Amino acid sequence: MRLVLGVLLLSGLWMLLFGQFDGLTFVVGLIVGVAAIRLSRSVFGSDASEPNADATTRPSVGIVQRLWSLVKLAWYYTYEIIACNLMMARDVLSPAPQLTPAIFALEVPGLGPAGSTLLANLITLTPGSLVIDFDPVGETLYIHTIYAQDVETMKRDYRRFARQVFRLTGREPSQALREAG
């Protein structure tokens, strides 16, 4: 029932997006809605409340917590983007930039391929940092940064991203990630 309502909602949003309220636009919206839900389920898993969800793939976090994690992740990430851009601007305008480049490892146990890809892209899009490699066996991201004055603070900030990505993908963060801070 929730899937039907979700598809109808997406179809209605599709009609609002194009400003056309006819049958053809509604049907196209239905098709796009079904495709969007199928794609999001393959990436983020199915809803925990669905009766047919497989117990092994059933997420442990509900849709409300996922949406809240999305809001928190957007907030943390926007803050991080602004702060990093200000640091970059300061160093570009400074005659003696305060750069301390380094490479460090960030363990993200249990994040999975979709979550690791999302986290790696978030880190790479942050000015001054770049994910240069991923070890799928050790579930470790190798990150190059030009601001490594305090690597532990950077790891703590990136782990905060990782915890939100966990919840966004429908799972609770692994015990190792929660204990790491």
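In which strand is Thr145 found? Thr145 is found in strand S3. Strands here are DSSP runs of E with at least two residues, helices are runs of H or I with at least four residues, and both are numbered from the N terminus.

This is a predicted model, in which local features need pLDDT of at least 70, side-chain atom pairs count only at pLDDT 80 or more, and totals for chains, interfaces and linings use all residues. Residues are numbered from 1 along each chain as its sequence is written, and side-chain values use heavy atoms, with hydrogens and water left out.

**Overall fold**

The protein chain has six helices and three strands, in the order α-α-α-β-α-β-β-α-α from the N terminus on. Of its 181 residues, 31% count as buried; buried means under 20% relative accessible area, exposed over 50%, and partly exposed in between, with a 1.4 Å probe and protein chains only. The chain exposes about 10800 Å², of which carbon and sulfur atoms supply 68%. Accessible areas come from the Shrake-Rupley method with a 1.4 Å probe, and for residues only the protein chains shown count as cover. Among contacts (heavy atoms within 4.5 Å) with a separation of 6 or more, residues 24 or more positions apart account for 61%.

Phe134 has Leu141 in S3 as its bridge partner. The two strands form a hairpin with four residues between them, and Glu139 in the turn has a positive phi of about 50°.

Thr140 also belongs to strand S3. Leaving out residues up to four places away in sequence, Thr140 touches Ala105, Leu106, Glu107, Asp133, Phe134 and Asp135. With the corresponding neighbours within four places set aside, Thr145 is in contact with Thr100, Pro101, Ala102, Phe104, Gly128, Ser129 and Met154.

| Residue | Relative accessibility | Backbone atom by the side chain's polar atom |
|---|---|---|
| Thr140 | 7%, buried | oxygen of Gly138, 3.0 Å |
| Thr145 | 1%, buried | nitrogen of Tyr147, 3.1 Å |

The structure holds four aromatic pairs. Rings of Phe, Tyr and Trp (its six-membered ring) pair if their centres lie within 6.5 Å; planes under 30 degrees apart count as stacked, over 60 as edge-to-face and the rest as tilted. Trp14 and Phe18 form a tilted pair, at 4.7 Å centre to centre and with 50° between the planes. Because they are four residues apart in helix H1 (residues 2-18), Trp14 and Phe18 are separated by about one helical turn. Trp14 is partly exposed at 23%, and Phe18 is partly exposed at 46%.

Tyr77, Phe104, Tyr158 and Phe161 form one aromatic cluster. Arg160 lies over the face of Tyr76, 4.6 Å from the ring centre; the criterion is NZ of Lys or CZ of Arg within 6 Å of the ring centre and within 35 degrees of the ring normal.

Leu10 is also found in helix H1 and is partly exposed, at 31%. Its contacts beyond four places in sequence are Gly33, Ala36 and Ile37. Leu10 and Ile37 are 27 residues apart along the chain, with 9.3 Å between their C-alpha atoms.

Technical notes
Two strands pair if DSSP finds at least two bridges between them. A polar contact is a pair of N or O atoms within 3.5 Å; within protein, one must be able to donate a hydrogen and the other to accept it, and residues adjacent in sequence count only if both atoms are side-chain atoms.
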